[in-house]
Amino acid sequence: MSAASLAALMDVTDPESGDVVGSVPALEAGDAVAALDRSSAVRDRMATLPTHARMAALHATALKLETEAETVVTLIASEGVKTVTEARSEVKRAAETLRLSAEAARSLQGEIIRFDQYPTGTGRSGWAEPTPVGVVLSITPFNDPLNLVAHKLGPAVAAGCPIILKPHEATPLSALWLPEALCQHLPEGAIEVLTGYGADLVPPLLADDRVRLVSFTGGLETGRKIAQAAGLTRLVMELGSNCATIVMDDADLDLAIEACLSGAIAAAGQNCLHVQRIIVHHGIYPVFRDRLADAIKAVVTGSKKDPKTQMGCMIDEDAAIRVESMGKSAVAAGATLLAGGHREGVVCAPTFLDNVHPNDPILRDEVFGPITALLVADSIDDAIAQANATPFGLQAAIFTQRLDHAHQAVRGLDVGAVIVNDSTDYRLDAMPFGGTGSSGIGREGVAAAVAAMSEPKVSCFRWPSSFLGAH
């Protein structure tokens, strides 16, 4: 990993306190092109790096991460939005993501092609094997500044691809820790990190056909701009959602309330799997509403570094003002405020709304903040229809003890994953992860990402008749 020693520095601040917690180079377009030059130069060497070496690099980095966990936890909780409790969970997940990537390298498989299935293939044999796609450009957000970096770097190493990482400008410190550790075990240039502003660094890379794949996690509008500029470069993009959780009248209410509360406040709602809408069967609606409202009112906000804090801050004051404004606009249009609705600086109280107008953006767009709306459904069909009433389709969830309702939800919900008896805020790092509609293109998750970073190369042998033992 290379750094530009002459680059100007940009400060990294704690959004909660405003204190400067570090600084990184503010790289420019020329630095991005130079990074691509280095990545391209090492492409063949990464492609031929033995599987055992790729695996060893990933396992060694996972172990180092676990050994130095508290150092990384402090970085995450200082520069970003997560509490120390959430940061510890993310460090554990990132180590597991690296180990999953190592196993994905071991599991890369090709296929035998039966060329003689047609007469013209008689005397031929061969196979298709996965080969690295080439240089990968990865762009990551602030809300999971370590594990989402692991979800880019781990699969790239497993597939044998050099990778250029552009972390979010608000959270580069925790993002930098991982490539610095991983680079110790890889050829120089295998991982390049670009700190600075995406508007300066990304365009020259999208215009260069040496970048073979762009892996982006972020907002819809930025994703659209990347897609327009990328041309024929392949894309994997996760662009957020407006996730709905259905609660049927036979649900385990204790389980549903606990899971929905957790999913509503995780990362202060700055989470693509945020429980933004809860669609409740009319038979239990009043009980569910009142119990969840009481639970939300009891959420402890405060310092991210206090283990008692359940929910931290927004990434900056502009984001906090935007979320507060969305809640107030909904109430002005007739919504009932059940909890929250106010902010103190960058901390927005978790907000719970009822009777939200059907055309309100909260029911259609991604809030990316701690606002959750409650809706009522007359039936499973009605609940599914309401859940699908958004252009996004990342994940949805249902709480029910009826197998037929669970299967109906799985079939009817237009999303990338349906979570049964848990909220939408559940992800296994090994599973294919992505959505339909405006939620993005392709799938992440370790094995799916390795597949996206690979392409099949066919070998076909035409054998002389003497070799085949012709009669």
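Which elements each supply at least two residues of the lining of the second largest pocket? They are α11 (285–297) and β13 (343–344). This is a predicted model, in which local features need pLDDT of at least 70 and side-chain atom pairs count only at pLDDT 80 or more, while totals for chains, interfaces and linings use all residues. Residues are numbered from 1 along each chain as its sequence is written, and side-chain values use heavy atoms, with hydrogens and water left out. Helices (H or I, at least four residues) and strands (E, at least two) are DSSP runs, numbered from the N terminus.

**Terms for pockets and cavities**

- On a 1 Å grid over the protein atoms alone, a cavity is a set of points where a 1.4 Å probe fits but cannot get out.
- A pocket is an open set with protein on both sides within 12 Å along at least five of seven lines, and lining residues have an atom within 4 Å of a point.
- Grid points are joined across faces, edges and corners, and a volume is the space filled by probe spheres set on the points.
- Ala, Val, Leu, Ile, Met, Phe, Trp, Tyr, Cys and Pro count as nonpolar, Asp, Glu, Lys and Arg as charged, and the others, Gly among them, as polar.

**Second largest pocket**

- The second largest pocket holds about 210 Å³ of space.
- It is lined by 13 residues, of which Thr301, His342, Val347, Ala349 and Pro350 are the closest to its centre.
- By class, the lining of this pocket has six nonpolar, four polar and three charged residues.

**Cavities**

- Three cavities of 30 Å³ or more are found in a search of the whole structure.
- The volume of the largest cavity is about 70 Å³.
- Arg277, Ala387, Phe392, Gln395 and Val415 are the closest to the centre of the largest cavity, out of 16 lining residues.
- Two or more residues of that lining come from each of β10 (243–247), β17 (392–393) and β18 (395–399).
- The lining of the largest cavity consists of eight nonpolar, six polar and two charged residues.
- The second largest cavity has about 50 Å³ of space.
- Val323, Glu324, Gly327, Lys328, Gly341, His342, Cys348, Ala349 and Thr351 line the second largest cavity.
- Helix α12 (residues 317–332) gives the most to this lining, with four residues.
- The lining of the second largest cavity has three nonpolar, four polar and two charged residues.

**Helix packing: α5 with α6**

- Axes are lines fitted to C-alpha atoms, for helices over the stretch in contact, and angles run from 0 to 180 degrees between N-to-C directions.
- Helix α5 (residues 84–107) and helix α6 (residues 147–159) have axes that come within 9 Å and cross at roughly 15 degrees.
- The angle therefore makes α5 roughly parallel to α6; angles under 35 degrees count as roughly parallel, over 145 as roughly antiparallel, 65 to 115 as roughly perpendicular and the rest as oblique.
- This crossing of α5 and α6 is right-handed; a crossing is right-handed if the near helix is turned clockwise from the far one by less than a right angle, and left-handed if anticlockwise.
- Contact (heavy atoms within 4.5 Å) involves Glu90, Arg93, Ala94, Thr97, Leu98, Ser101 and Ala105 of α5 and Asn147, Ala150, His151, Gly154, Pro155 and Ala158 of α6.
- The residues of that contact are six nonpolar, five polar and two charged.

**Helix packing: α4 with α5**

- The axes of helix α4 (residues 69–79) and α5 come within 9 Å, crossing at roughly 125 degrees.
- α4 and α5 are therefore oblique to each other, and their crossing is right-handed.
- On α4 the contact is made by Ala69, Glu70, Val72, Val73, Ile76 and Ala77, and on α5 by Val84, Ala87, Arg88, Glu90 and Val91.
- This contact has eight nonpolar, no polar and three charged residues.

**Helix packing: α3 with α7**

- Helix α3 (residues 51–67) packs on helix α7 (residues 172–183) at an angle of about 130 degrees, with the axes 9 Å apart.
- α3 and α7 are therefore oblique to each other, with a right-handed crossing.
- Ala57, Leu58, Thr61, Lys64 and Leu65 in α3 meet Trp177, Leu178, Ala181 and Leu182 in α7.
- The contact of α3 with α7 has seven nonpolar residues, one polar and one charged.

**Positive phi values**

- Phe368, in the loop between β15 (351–354) and β16 (371–377), has a phi near 55 degrees, a positive value in a residue other than glycine.
- Asn421, in the loop between β19 (417–420) and β20 (436–437), has a positive phi near 60 degrees and is also a residue other than glycine.
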